[in-house]
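Hello,

Here is the structure I said I would pass on. My notes on it follow below.

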Amino acid sequence: MLKVLLKFRILARKAFSKKYLLYTNVGISISLSGVGDIIEQHYEIYSNNLVSWDRNRTKQMSLSGMTVGIFCHNWYNFMDRRFPGRTLKIILKKVLIDQTVASPIVIFLFFTTLGVLRKASVEETISEMKDKFARLYAAEWVVWPPAQLFNFYLLPTKYRVLYDNTISLGYDVYTSYVMNGQSGSQEFSS
């Protein structure tokens with residue numbers, strides 16, 4: 001057991017090193033975005049709203065995690081370089097900037113990535129953004145400010161995307177529900 005823990009510690013140290021951190025962050029984002037979709041789909045199956053697991057939908061949701069993971073990796077590095085320190089004023093500034101700048105960008109990247117993967121037209125993607133953006137952005141304001149207070153105050157930069165994606169697991173379930181549930185406009189075909 002001690003050997004296994006030692007190997008895990010060495011692997012974790014390497015994965016979160018500067019050399020591999022981008023790959024680690026993107027891998028975490030892809031994986032947990034997929035897990036969030038799997039959880040949502042299994043709930044839909046359980047509640048008789050879906051017949052069976054749609055692997056293509058999970059693949060698309062996972063790949064959307066890739067673009068978001070790349071952005072978040074670079075965003076957190078930028079934020080910590082631009083606003084160093086952990087005073088209350090700095091942390092509140094980071095949270096406000098994160099919500100007003102990064103959140104809309106992340107949602108836009110998410111819609112755009114899914115639009116490309118689903119082979120949707122620009123008009124269909126824009127229509128879906130108009131239909132669902134506000135719901136996702138409102139949910140972001142509920143989830144992320146308290147989560148980011150903790151993230152910016154306690155965690156080193158290299159663990160921010162891991163923490164973000166851990167919190168995001170529940171949010172990704174909701175995102176999958178919003179993106180794949182019925183709404184006022186026509187859904188993309190998978």
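The crossing of α2 and α6 is right-handed (a crossing is right-handed if the near helix is turned clockwise from the far one by less than a right angle, and left-handed if anticlockwise). This is a predicted model, in which local features need pLDDT of at least 70 and side-chain atom pairs count only at pLDDT 80 or more, while totals for chains, interfaces and linings use all residues. Residues are numbered from 1 along each chain as its sequence is written, and side-chain values use heavy atoms, with hydrogens and water left out.

Helix α2 covers residues 21-46 and helix α6 residues 160-180; they pack with their axes 8 Å apart, at an angle of about 40 degrees. Helix α2 is therefore oblique to α6 (under 35 degrees counts as roughly parallel, over 145 as roughly antiparallel, 65 to 115 as roughly perpendicular, and the rest as oblique). The axes are lines fitted to C-alpha atoms, for helices over the stretch in contact, and the angles run from 0 to 180 degrees between N-to-C directions. Helices here are DSSP runs of H or I with at least four residues, numbered from the N terminus.

Next, the salt bridges. There are six in the structure (a side-chain nitrogen of Lys or Arg within 4 Å of a carboxyl oxygen of Asp or Glu). One of them joins R57 to E44, with the closest N and O atoms 3.0 Å apart. R57 is in helix α3 (residues 55-82) and E44 in helix α2, so this pair ties together parts 13 residues apart in sequence. Both residues, R57 and E44, are buried (under 20% relative accessible area; exposed is over 50%, and partly exposed is in between, with a 1.4 Å probe and protein chains only).

D80 and R160 form another salt bridge, their closest N and O atoms being 2.8 Å apart. Because D80 belongs to helix α3 and R160 to helix α6, the pair ties together parts that are 80 residues apart in sequence. D80 and R160 are buried too.

A further salt bridge runs between E128 and R118, at 3.7 Å between the closest N and O atoms. E128 sits in helix α5 (residues 122-154) and R118 in the loop between α4 (88-117) and α5, 10 residues apart. E128 has 1% relative accessibility, so it counts as buried; R118, with a relative accessible area of 8%, is buried. Salt bridges with shared partners also join D37, E44 and R57 into one network.

Finally, M1 lies in the segment before α1 (2-15). M1 counts as exposed because its relative accessibility is 76%.

Regards

Note on methods: Helices (H or I, at least four residues) and strands (E, at least two) are DSSP runs, numbered from the N terminus.
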